[in-house]
Amino acid sequence: MATIEECRSALDKLSENMGHSEGDVRAAAALDRSVSCHITDLDVTFTGRMTGGRIEVRDTVQGPPADKAQIRLAMTGDDLVALVDGRLHFAKAWGSGRVRLEAGLMDLFRLRKLL
């Protein structure tokens with residue numbers, strides 16, 4: 001099972017990858033939205049903001065997020081690490097229910113280019 005530190009590191013790596021993206025992916029990453037990522041097996045949530053083509057993690061809270069972020073993810077820590085490392089394909093994980101993504105319809109259309 002991935003640790004909180006490994007999950008935080010994976011989010012930092014995802015942010016870095018987004019910052020180096022180009023074209024359509026960079027445009028999709030340019031959203032300015034609140035973000036939460038609930039790690040279900042650790043029952044911890046990383047909260048922050050997607051802005052400037054990056055994800056800024058601002059807080060880590062125990063349990064599910066207290067406030068409803070505009071973009072919400074939920075998955076196990078191992079799945080987060082595997083997604084960022086490229087060992088797990090987002091569409092397959094989302095389709096099978098291993099990863100939950102909730103956002104407004106327009107944000108979902110833009111985010112699909114990232115995922």
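**View 1. Read from one end of the sequence to the other, the protein runs α-α-β-β-β-β-α-α-β-α.** What you're looking at is a predicted model. Count up the pieces and you get 5 helices and 5 strands. The C-alpha trace spans about 35 × 30 × 25 Å along its principal axes. For 115 residues, a compact globule would have a radius of gyration near 13 Å, and the protein's 13 Å agrees with that. Take the contacts between residues at least 6 apart in sequence: 58% of them join residues at least 24 apart.

View 2. Turning inward, buried residues account for 40% of the 115 in the protein.

**View 3. Now for the largest nonpolar core, a group of 28 residues.** Nonpolar side chains tend to be buried together in soluble globular proteins. In this core, the residues that touch the most other members are Ile39, Phe46, Met50, Ile71, Leu80 and Leu111. Which element gives the largest share? That's α3, with 5 residues.

**View 4. Let's zoom in on α3, a helix largely enclosed by the rest of the structure.** Why say enclosed? Because 7 of its 9 residues are buried, where buried means under 20% relative accessible area. Those buried residues are Gly77, Asp79, Leu80, Val81, Ala82, Leu83 and Val84. Their cover includes the helices α1 and α4 as well as the strands β1 and β4. Look just past the helix and you'll find Gly86, with a positive phi of about 85 degrees.

**View 5. Last stop: Asp43, in the loop between β1 and β2.** Most residues other than glycine have a negative phi. Asp43 isn't a glycine, yet its phi is positive, near 50 degrees. Is Asp43 buried, partly exposed or exposed? Its relative accessibility is 33%, so it counts as partly exposed, the label for anything between the 20% and 50% cut-offs.

Notes: Residues numbered from 1 in each chain as written. Predicted model: local features only at pLDDT ≥ 70, side-chain atom pairs only at ≥ 80, totals over all residues. Heavy atoms only, no water. Helix = DSSP H or I, 4+ residues; strand = E, 2+ residues; numbered from the N terminus. Rg over C-alpha atoms; globule rule 2.2 N^0.38 Å. Buried < 20%, exposed > 50% of the residue type's maximum accessible area, 1.4 Å probe, protein only. Contact = heavy atoms within 4.5 Å. Core = buried A, V, L, I, M, F, W, Y, C linked by side-chain atoms within 4.5 Å.
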